[in-house]
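This report walks through one protein structure, part by part. Please keep the sequence and the structure in view while reading.

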Amino acid sequence: MPHHRFLLQRRHALVAGSLALLLGACSTIDRGQPPELERNATWVVLPFANHTETPLAGNRAEAIAQALLQTRGVGRIQRYPTSTQQEALFDAGDARRQQEVLAWAREQKARYALTGAVDEWRYKVGVDGEPAAGVTLQILDVASGDTLWSGTGGKSGWSRESLSGVAQKLIRDLLDAGLARAR
């Protein structure tokens with residue numbers, strides 16, 4: 001009987017360890033130390049660069065990020081006015097364009113800006129077609145243009161999950177890390 005109990009305990013430990021390994025392989029997140037932020041400050045969501053072949057992936061990530069900021073109780077939030085054509089033309093690495101959007105944020109009297117890039121936004125090819133998202137977020141000080149925090153991550157889901165659901169979980173995890181010290 002004691003031998004049977006020992007084998008059962010080992011089996012449970014092996015199953016638990018395997019599940020943890022399997023689930024841990026589904027996402028990767030790297031993030032900086034969270035800054036002290038004023039929760040009631042005015043925020044703007046600036047355009048996200050779209051480094052994918054998926055049209056409007058940047059716009060989709062922006063909309064999710066804005067909604068999650070609101071659910072996190074930050075102050076007033078505005079989104080940079082863009083058109084779908086502008087996303088195709090927007091290059092986050094373009095210094096002149098970055099200065100334009102920051103100037104707009106200053107006109108709005110914003111304290112913080114959330115911006116980012118989408119590196120993956122697709123269903124993987126194959127039998128199961130798992131959703132996969134990769135996103136980088138940055139919180140900027142609007143007055144100086146300095147990056148206060150950044151985080152990046154990738155997440156894949158199971159074949160029955162939606163791409164937007166996987167992306168929402170990833171962006172939520174990243175924002176929670178960036179807003180951890182907001183007061």
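## Aromatic pairs

Tyr80 and Trp104 are both buried. In this predicted model, their ring centres lie 5.1 Å apart and their planes stand at 90 degrees, so the pair is edge-to-face. Tyr80 belongs to the loop between strand 3 (77-79) and helix 3 (84-89), while Trp104 belongs to helix 4 (residues 95-107), so the pair ties together parts that are 24 residues apart in sequence.

The count of aromatic pairs comes to 2. Trp43 and Tyr112 also form such a pair, with 5.0 Å from centre to centre and 45 degrees between the planes, and this pair is tilted. Trp43 sits in strand 2 (residues 43-50) and Tyr112 in strand 4 (residues 112-123), so this pair ties together parts that are 69 residues apart in sequence. Trp43 and Tyr112 are buried as well. In general, a pair of aromatic rings is described by the distance of the centres and the angle of the planes.

## Overall layout

The protein has 5 helices and 6 strands. Read from the N terminus, the order of the elements is α-β-β-α-β-α-α-β-β-β-α. Of the 183 residues in the protein, 41% are buried.

Consider the contacts between residues at least 6 apart in sequence: 72% of them join residues at least 24 apart. The accessible surface of the protein is about 10,400 Å², and carbon and sulfur atoms account for 52% of that surface.

## Nonpolar cores

In soluble globular proteins, nonpolar side chains tend to be buried together. Here the largest nonpolar core has 31 residues. The residues with the most contacts inside this core are Trp43, Leu69, Trp121, Leu137, Ile139 and Ile171. Two or more residues each come from strand 2, helix 2 (57-71), strand 4, strand 5 (131-141) and helix 5 (163-178). Helix 5 gives the largest share of this core, 7 residues.

Which residues does Leu137 contact, leaving aside its neighbours within four places in sequence? They are Phe48, Leu114, Thr115, Gly116, Trp149, Ser150, Gly151, Ile171, Leu174 and Leu175. A second, separate core has 11 residues, including Leu46, Trp104, Ala105 and Ala113. Trp104, a member of this second core, is also the partner of Tyr80 in the edge-to-face pair.

## Strand 5 and its partners

How many of the 11 residues of strand 5 are buried? The number is 9, so strand 5 is largely enclosed by the rest of the structure. Strand 4 pairs with strand 5 in the antiparallel sense, over 11 bridges. Leu114 has Ile139, in strand 5, as its bridge partner.

Strand 5 also runs antiparallel to strand 6 (residues 147-156), and 9 bridges join these two strands.

## Salt bridges

Side chains of opposite charge can pair when their charged atoms come close. The count of salt bridges in this model comes to 9. In one of them, Arg181 pairs with Glu36, with the closest N and O atoms 2.5 Å apart. Arg181 lies in the segment after helix 5 and Glu36 in the loop between strand 1 (27-31) and strand 2, so the pair ties together parts that are 145 residues apart in sequence. Arg181 is partly exposed, with a relative accessible area of 42%. Glu36 is also partly exposed, at 48%. Arg183 forms a salt bridge with Glu36 too, at 3.7 Å from N to O, and these two residues are 147 residues apart. Arg183 counts as exposed, with 61% relative accessibility. Together, Glu36, Arg181 and Arg183 make up a network of salt bridges.

Another salt bridge joins Arg97 and Glu100, at 3.2 Å from N to O. Both residues lie in helix 4, 3 residues apart, which is about one turn of the helix. Is Arg97 buried or exposed? Arg97 is buried, with a relative accessible area of 13%, whereas Glu100 is partly exposed at 37% relative accessibility.

Note on methods: Residues numbered from 1 in each chain as written. Predicted model: local features only at pLDDT ≥ 70, side-chain atom pairs only at ≥ 80, totals over all residues. Heavy atoms only, no water. Phe/Tyr/Trp six-rings, centres within 6.5 Å; stacked < 30°, edge-to-face > 60°. Helix = DSSP H or I, 4+ residues; strand = E, 2+ residues; numbered from the N terminus. Buried < 20%, exposed > 50% of the residue type's maximum accessible area, 1.4 Å probe, protein only. Contact = heavy atoms within 4.5 Å. Areas by Shrake-Rupley, 256 points an atom, 1.4 Å probe, with all protein chains shown as cover. Core = buried A, V, L, I, M, F, W, Y, C linked by side-chain atoms within 4.5 Å. Pairing = 2+ DSSP bridges. Salt bridge = Lys/Arg side-chain N within 4 Å of Asp/Glu carboxyl O.
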